[in-house]
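Thanks for coming, everyone. I have one chain to walk through today. Let me put it on the screen.

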Amino acid sequence: MSKAQTAPTTPWQLYSIVVLDPINQHPKSDAIAGRLVISATRLVSHPQFLRLSLRVRCSIKEKENVKGNDELPPVLSGLKVDESEQTGSISKFENGLSSGNGIDEVGFDSNWPPWKNVPDRYKMIGTTALAFVICNMDKVNLSVAIIPMSHQFGWNSSVAGLVQSSFFWGYALSQLPGGWLAKIFGGRKVLEIGVLTWSLSTALVPFLAGYMPGLILSRILVGIGEGVSPSAATDLIARLIPLQERSRAVAFVFGGLSVGSVSGLLLAPPLIQNFGWESVFYIFGFLGIAWFAGFQFLDGQPSVPLKSFPDESKSESGYPNKKVTTPIKLQQLPAALKEVPWRGFFEYPPVWAMIYTHFCGSWGHYTCLSWLPTYFSEELNLNLTEAAWVSILPPLASIFVTSIASQLADNLISNGVDTTTVRKICQTIAFVSPAVCMTLSSVDLGLPPWEVVAILTSGLALSSFALSGLYCTHQDMSPEYASVLLGITNTVGAIPGIVGVALTGFLLDSTHSWSISLFAPSIFFYLTGTIVWLVFASSKPKTFSNNE
């Protein structure tokens, strides 16, 4: 029997003493076979009234066998059952204890649901990744539904572009507020509100499609809800996940975006074909609302407003310690905003390295996400069906690459490689790989279309190494302000979604060259971003202060 730890003597704590297989330790207790669970009542009164009322459950057979025993095993000595007290004290907690809050019936081990014994931090990371899957499903559904919507409402390309770009207005505006709110209230609360906001707004699109201001507002709200989610997830990871598991946690959560892109692009066409374009907004919106309802039952980071001051040191298990955790009242929010060391952020060169690197990565990602299907169709002469399926290949390959990159990064850190070195290696792979592949694609080498597709898919898939590079650096640098830092970098990173996509179309109309309009700007930003990252990036913990 494992040694029992001494429980604290505070009167507000619930104690449980579990005696397992006592016959292995005490030969005279043969009659008490199996498992006994002794649960104490919860005491909330003053310490001087502290008493322990015990309850022992066993089968009828065990009750009969125990009559002949004159002596209980030493482990139970000193624990007396007060029958008179049992009637009063135990009856008050009969329903709660019998429901599983401290008592297991003899012979029964409840392992349902299957994830019951999974650590809370893994449950939180898993559900956050699922939220990111739904996030990108709701982001890409319009890119498919915009075609039948344009036909029904008579939109030209400019109007369709306005509708699609309105998402990025809300996305860009919500980054910094989302990071600050996650810092103040905790990532869990911000994430669940964000999911509910974008899901309800998605479900309302069919009702507002005929009214342009309402439709644009709904897409802005979708952008706001999805915009706060990266900062909320970053805050959760920084609070819950140790350094040795951080790359895998970030990759698993943000890898949900790739899964969501693939799922959305696969599900949207048949849903539209069979049930109409409205169905994708109803169904995808409902998925987010169902996630929100289920998330309320998940244990993990508290939802109450918290202000945390993490210690730079780590506990023995490697998890971030918290020095102070105090409630924040709504009237204290303006003061809390002033406490954020904005000056310290912008005076630190590695923060600027993260900002520029995030901008460079987003330029390549958003322009390719928006224009690659057209490139495949017009430049490579693929039909629309082939172009749609080919567009799924980069995010599909990214899922595979992400798992390899995160495992590699965590193994290097666990083996003593400097964290900054690991982040620089991963981010360099994430930028140099697509730059090389785009260069090969833009040069006329006489390659058949499917080889060009394979080259571009490989480069864009390898860009997922950024999840173990740039996207981990916010938590490495400052777990306390990780969400705020991501809010800053992601705000700048959203600009290519507004400017880059439109500029690519303008250059394409002006030059009629995909190499100049799509690939050349991305190659430029990938290469300059690599140089800036290698020179200025750092993952060393930094204590920011307004007094610096």
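First, the ground rules. This is a predicted model, where local features need pLDDT of at least 70, side-chain atom pairs count only at pLDDT 80 or more, and totals for chains, interfaces and linings use all residues. Residues are numbered from 1 along each chain as its sequence is written, and side-chain values use heavy atoms, with hydrogens and water left out.

Now the overall picture. The chain has 20 helices and four strands. The chain has 548 residues, and 48% of them count as buried. Buried means under 20% relative accessible area, exposed means over 50%, and partly exposed is in between, with a 1.4 Å probe and protein chains only. The accessible surface is about 26,400 Å², and 63% of that belongs to carbon and sulfur atoms. Areas come from the Shrake-Rupley method with a 1.4 Å probe. Take the contacts between residues at least 6 apart in sequence: 80% of them join residues at least 24 apart. A contact here is heavy atoms within 4.5 Å.

In the model, residues 190-209 are 95% helix and 0% strand, with end C-alpha atoms 28 Å apart. Residues 514-536 are 100% helix and 0% strand.

Next, helix 9, residues 243-275. Its 33 residues reach 47 Å from first C-alpha to last, close to the expected 48 Å. The expected span is 1.5 Å times one less than the number of residues. Helix 9 also bends, by about 25° at V253. The bend is the angle between axes fitted to the seven residues ending at a position and the seven starting there. After helix 9 comes G276, with a positive phi near 95°.

Most residues other than glycine have a negative phi. Is H512 buried or exposed? H512 is exposed, because its relative accessible area is 67%.

At the start of helix 20, a side-chain oxygen of S513 comes within 3.4 Å of the backbone nitrogen of S515. Helix 20 has 23 residues, which should span 33 Å, and its end C-alpha atoms are 32 Å apart, so the two agree. There is a kink of about 35° at A520, shortly before the proline P521.

T420 is in helix 15, residues 419-442. T420 counts as buried because its relative accessibility is 9%. Beyond four places in sequence, T420 contacts A537, S538, S539 and K540. The side chain of T420 reaches the backbone nitrogen of S539 at 2.9 Å. For polar contacts, the pair is N or O atoms within 3.5 Å; within protein, one must be able to donate a hydrogen and the other to accept it, and residues adjacent in sequence count only if both atoms are side-chain atoms.

S231 is in helix 8, residues 229-240. S231 is buried, because its relative accessibility is 0%. A polar side-chain atom of S231 lies 3.5 Å from the backbone nitrogen of G487. Among the other residues S231 touches are Q175, G178 and S483.

Last, F167, in helix 5, residues 157-185. F167 counts as buried because its relative accessibility is 2%. Which residues does F167 touch, not counting those up to four places away in sequence? They are K139, R219, V222, G223 and E226. F167 and R219 are 52 residues apart along the chain, yet their C-alpha atoms are separated by 4.9 Å.

That is the tour. Questions are welcome.

Note on methods: Helices (H or I, at least four residues) and strands (E, at least two) are DSSP runs, numbered from the N terminus.
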